[in-house]
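Have the viewer open and follow along.

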Amino acid sequence: MTPRPAVALLGAGLAAIAAGSVALAWSTAHYLDNWRAPSSTSGDRVYRDGDRLVAYPPFTLGLEPTFIALGLAIVVAAIAIAALTWRRAQPS
């Protein structure tokens with residue numbers, strides 16, 4: 001029988017992965033929804049704003065990959081704990 005703390009830890013890890021993935025999808029969509037998003041056909045991130053050249057800010061990541069990596073580490077730890085502490089259910 002799998003111990004409850006290992007199951008709870010597994011749930012926490014999966015929740016962290018889901019939260020990081022949702023945040024990553026949101027930040028990517030937010031970046032691409034900008035009306036000045038760089039075009040894949042132009043090859044340039046620089047555009048004219050009146051009589052001056054300005055550069056579009058590059059896509060940068062925040063804490064999203066950290067949450068995903070932390071969630072993966074927690075899932076691996078939960079599986080290891082469950083494997084080390086697993087016992088067969090006692091017949092009643």
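## Around Glu64

Leaving aside neighbours within four places in sequence, Glu64 is in contact with Gly20, Ala23, Leu24 and Ser27, where contact means heavy atoms within 4.5 Å. Glu64 lies in helix α2 and, at 12% relative accessibility, counts as buried. Here buried means under 20% relative accessible area, exposed means over 50%, and partly exposed is in between, with a 1.4 Å probe and protein chains only.

The side chain of Glu64 also reaches the backbone nitrogen of Gly62, at 2.7 Å.

## How to read the model

This is a predicted model, in which local features need pLDDT of at least 70 and side-chain atom pairs count only at pLDDT 80 or more, while totals for chains, interfaces and linings use all residues. Residues are numbered from 1 along each chain as its sequence is written, and side-chain values use heavy atoms, with hydrogens and water left out.

## The overall plan

The protein chain has two helices and two strands, and read along the sequence they follow the pattern α-β-β-α. Helices (H or I, at least four residues) and strands (E, at least two) are DSSP runs, numbered from the N terminus.

Of the 92 residues in the protein chain, 15% are buried. The chain exposes about 7100 Å², and carbon and sulfur atoms supply 66% of that area; accessible areas come from the Shrake-Rupley method with a 1.4 Å probe, and for residues only the protein chains shown count as cover. Among contacts between residues at least 6 apart in sequence, 67% join residues at least 24 apart.

## Ser27 and Phe59

What does Ser27 touch, not counting residues up to four places away in sequence? The answer is Phe59 and Glu64. Ser27 lies in helix α1, residues 4-32, and is buried, with a relative accessible area of 13%. The side chain of Ser27 also reaches the backbone oxygen of Leu24, at 3.1 Å.

Phe59 is found in the loop between β2 and α2, the latter spanning 64-85. Phe59 is partly exposed, with a relative accessible area of 35%. Leaving out residues up to four places away in sequence, Phe59 touches Ser27, Thr28 and Tyr31. From C-alpha to C-alpha, Phe59 and Ser27 are 9.1 Å apart in space, although 32 residues apart in sequence.

Is Ala6 buried or exposed? Ala6 counts as buried, at 4% relative accessibility, and its place is in helix α1. Ala6 touches Ala78, Ile81 and Ala82, again not counting residues up to four places away in sequence.

Two further C-alpha distances involve Ala6. Ala77 is 71 residues from Ala6 in sequence and 8.5 Å from it in space, while Ala83 is 77 residues away along the chain, with a separation of 9.3 Å. Ala77 lies in helix α2 and is partly exposed, with a relative accessible area of 31%.

## A nonpolar patch

Leu10, Leu14 and Ile79 make a nonpolar surface patch of about 260 Å². Patches are made of residues with over 30% relative accessible area and no salt bridge; like charges are joined within 9 Å, and nonpolar side chains (Val, Leu, Ile, Met, Phe, Trp, Tyr) within 5 Å. A salt bridge is a side-chain nitrogen of Lys or Arg within 4 Å of a carboxyl oxygen of Asp or Glu. Ile79 lies in helix α2 and is exposed, with a relative accessible area of 52%.

## The hairpin

Strands β1 (residues 46-49) and β2 (residues 52-55) pair in the antiparallel sense over four bridges; two strands pair if DSSP finds at least two bridges between them. Arg48 stands opposite Leu53 in β2, and Asp49 stands opposite Arg52 in β2. Two residues sit between the strands of this hairpin, where Gly50 takes a positive phi near 75°.

Notes: Polar contact = N/O pair within 3.5 Å; in protein donor to acceptor, adjacent residues only side chain to side chain.
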